[in-house]
Amino acid sequence: MKPDSLIAQNLDKANRVNWAVEFTPETYLTKLKENFSLENIVYLTADSPNVIEELDQSKAYIIGGIVDRNRHINLTFNKAKEQGIQHGKLPIT
């Protein structure tokens with residue numbers, strides 16, 4: 001990500017320096033697999049039937065960046081299934 005990009009500027013407004021976030025040109029799955037086995041990567045998506053009541057510190061959780069309750073129904077859920085990673089949703093209504 002370029003420091004002067006619109007995304008960087010908006011993230012700076014949201015105090016991204018306080019977030020534990022790493023920006024990399026690699027895909028999230030490639031980067032996560034450096035430290036986590038595929039079994040310990042969980043994609044959070046509201047369309048998953050799996051409700052996660054308690055977070056497991058040994059797992060990496062991917063927060064889906066797309067709200068797929070509109071025209072993109074099941075987009076993130078299907079992506080998790082295609083990539084062969086676990087999926088779940090938080091008990092938020």
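Among contacts in the protein chain between residues at least 6 apart in sequence, what percentage join residues at least 24 apart? The share is 49%, where a contact means heavy atoms within 4.5 Å.

This is a predicted model, in which local features need pLDDT of at least 70 and side-chain atom pairs count only at pLDDT 80 or more, while totals for chains, interfaces and linings use all residues. Residues are numbered from 1 along each chain as its sequence is written, and side-chain values use heavy atoms, with hydrogens and water left out.

Begin with the whole protein chain. Three helices and three strands are present, in the order α-α-β-β-α-β from the N terminus. Helices (H or I, at least four residues) and strands (E, at least two) are DSSP runs, numbered from the N terminus.

Next, select the strands. They form an open sheet with the order β2-β1-β3 and parallel pairing; two strands pair if DSSP finds at least two bridges between them. At the edges are β2 (60-63) and β3 (86-88), each pairing on one side only. Strand β1 (residues 41-44) is joined to β3 by three bridges, and V42 stands opposite Q86 in β3.

Finally, select V21, in the loop between α1 (6-13) and α2 (28-32). Is this residue buried, exposed or partly exposed? V21 counts as partly exposed because its relative accessibility is 44%; buried means under 20% relative accessible area, exposed over 50%, and partly exposed in between (1.4 Å probe, protein chains only).
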